Amino acid sequence: QEQAALAVAKDTLASLQRDQTELVSKLAAFPRYNVLAPQRVSLAELQQALRPGEAYYKMIAAGDDLYVLFARPDSAQTLKLDLDRKQLAEQVQAIRDSIVKVENGQQVNHPFDLDRARALYRTLFAAVDAQLPSVKHLVFEPDAAMLQLPPSVLVTDDKGIAAYKKRMKSPDADAFDFTGIAWLGRAREVSIAVSPRGFLDLRKLAPSRASRPYLGLGHNAVPPFRPLAAVADECDWPLVTWQRPIAPDELVFAKQTIGGQSDVRTDGAFSDSALLSDTSLDQYRVLHFATHGLVTAPRADCPARPALVTSFGDQGSDGLLSFREIFDLKLDADLVILSACDTAGMATVAASREAGVTTGGNYALDGLVRAFVGAGARSVIASHWPVPDDFDATKRLIGGVVGATPGEPLAQALADAQLKLMDDPNTSHPFYWAAFIILGDGAKPLVQATSEATVKATR
């Protein structure tokens, strides 16, 4: 009797295991499941997902030490970097300060620190430098201070630096002309990953089935005072947060560039309550937010509450779209563009934990990407600093992305747009071209090649 009962139990267990496998397989098709159920990735699985011409560069901070895994489809190597976490932070801060620095409340630009960018490249990539010319698509997973610096600004050789210094000997030389520099991001597609699992999950996602091409969101309505219902505690952001909205010019430009059934929503139509109740968001392939990103805390003694600034909406609205609320949006987007202030680089550990991320080293990026991927986005473009309107830099970058040809990889479209700014003396400083990074799989096209005729007809 016991043997018969054991046989029945084994059959039942086998049946349950088959059901579990089938259920997990079905759940894997949903971004929300993958976001909330991260799994380990073997090196072999990562390499199998990489295509010819691709490489995955993973930084790992362990205590004060820094390590790297560099994987290609047919090879891999690990190494310990010759600097510690503190030294990396100092190098990154010095480079960032030479791109843009806030002094007396104003953004100030200085000539870019080529020597530091070259030295940091040597530290990070010396062991794999010989392989990089054959890497067309670099997937870079940052950790520690590199979360705050786009890797594209690193310099891969000395020739351009020597030529720049020679030009600077002329009395009428332009110290902000960096044409001819061999940037890591020059003629190379670069994607930023938050983890190997996150990258693989995004790579497996099917393209958006949305019927409308573009939705621009931004320019919050300026309130004369904070609505009474929105006053929560002393750790709220000051009213001035809503009184300096970002101009909607780039949204209008993108809408005109894409055409078709594109739309732009600003002022009162751009509120947190309106977005959370909107059932039409999943009809757009591209969502573009041009608003301020709040990824730190309003004061040092306050908890971080990462969010995007919106207009004040219905009763109970706080004029903010938090990372938790982003997760509750219903999207089916190939791309979300965050043309906002420092959404990519400055979120703290506390801010990310507030967003529900409690593990992993890539706090600043992980919370942001998980929220939008969980909502239904395939990739996110975020900014490390506000891109200026001078010389139409923002329009040229955004136009290059949203104007990508059918089948063209997203990272290639951004790289091509950046290349044009690199080669223009007026915009060759990284301040103009390096702010935007692609979080996710930049090898995915924004517009599928098979839908070219449909896209043309829509336009």
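1. Basis. This is a predicted model in which local features need pLDDT of at least 70 and side-chain atom pairs count only at pLDDT 80 or more, while totals for chains, interfaces and linings use all residues. Residues are numbered from 1 along each chain as its sequence is written, and side-chain values use heavy atoms, with hydrogens and water left out.

2. Salt bridges. The structure holds 17 salt bridges (a side-chain nitrogen of Lys or Arg within 4 Å of a carboxyl oxygen of Asp or Glu). One of them joins the side chains of Lys58 and Glu141, at 2.6 Å from N to O. Lys58 belongs to strand β1 (residues 54–62) and Glu141 to strand β6 (residues 137–141), so the pair ties together parts that are 83 residues apart in sequence. Helices (H or I, at least four residues) and strands (E, at least two) are DSSP runs, numbered from the N terminus. Lys58 and Glu141 are both buried; buried means under 20% relative accessible area, exposed over 50%, and partly exposed in between (1.4 Å probe, protein chains only).

3. Arg186 and Asp423. A salt bridge also forms between Arg186 and Asp423, with the closest N and O atoms 2.9 Å apart. The two residues are 237 residues apart and link distant parts of the chain: Arg186 sits in the loop between α6 (159–167) and β7 (189–192), Asp423 in the loop between α14 (410–422) and α15 (430–433). Arg186 is partly exposed, because its relative accessible area is 28%. Asp423 is also classed as partly exposed, because its relative accessibility is 40%.

4. Asp424 and Arg396. In the salt bridge between Asp424 and Arg396, the closest N and O atoms are 3.3 Å apart. Here too the pair links distant parts of the chain, with Asp424 in the loop between α14 and α15 and Arg396 in helix α13 (residues 393–402), 28 residues apart. Arg396 has 29% relative accessibility and therefore counts as partly exposed.

5. Helix α13. How many of the 10 residues of α13 are buried? The count is 7 of the 10, so the helix is largely enclosed by the rest of the structure. The buried residues of α13 include Leu397, Ile398, Val401 and Val402.

6. A salt-bridge network. Salt bridges also link Glu45, Arg197, Asp201 and Lys204 in a network.

7. Aromatic pairs. The structure holds 14 aromatic pairs. Rings of Phe, Tyr and Trp (its six-membered ring) pair if their centres lie within 6.5 Å; planes under 30 degrees apart count as stacked, over 60 as edge-to-face and the rest as tilted. The ring centres of Trp242 and Phe312 are 4.9 Å apart and the planes lie at 35 degrees, so this pair is tilted. Trp242 is in the loop between β8 (212–220) and α8, and Phe312 in the loop between β12 (307–309) and β13 (320–322), 70 residues apart. Trp242 and Phe312 are both buried.

8. Phe391 and Tyr432. The rings of Phe391 and Tyr432 have centres 5.9 Å apart and planes at 65 degrees, so the pair is edge-to-face. Phe391 is partly exposed at a relative accessible area of 43%, whereas Tyr432 is buried at 12%.

9. An aromatic cluster. Tyr57, Phe70, Tyr121, Phe125 and Phe140 are linked into a cluster by ring pairs.

10. Negative patch. Which residues gather in a patch of negative charge on the surface? They are Asp249, Asp389, Asp390 and Asp392. Patches are made of residues with over 30% relative accessible area and no salt bridge, like charges being joined within 9 Å. Asp249 is in helix α8 (residues 249–258), and its relative accessible area of 46% makes it partly exposed.

11. Cys302 lies in the loop between β11 (293–294) and β12 and is buried at 9% relative accessibility. Its C-alpha atom is separated by 8.8 Å from that of Asp236, 66 residues apart along the chain. Asp267, in strand β9 (residues 263–267), is partly exposed at 32% relative accessibility. Asp267 and Thr310 are 8.4 Å apart in space, C-alpha to C-alpha, and 43 residues apart in sequence.

Note on methods. Patches are made of residues with over 30% relative accessible area and no salt bridge: like charges are joined within 9 Å, nonpolar side chains (Val, Leu, Ile, Met, Phe, Trp, Tyr) within 5 Å. Accessible areas come from the Shrake-Rupley method with a 1.4 Å probe; for residues, only the protein chains shown count as cover. Lys and Arg count as positive and Asp and Glu as negative; His and the chain ends are not counted. The place of a charge is taken as NZ of Lys, CZ of Arg, CG of Asp or CD of Glu.
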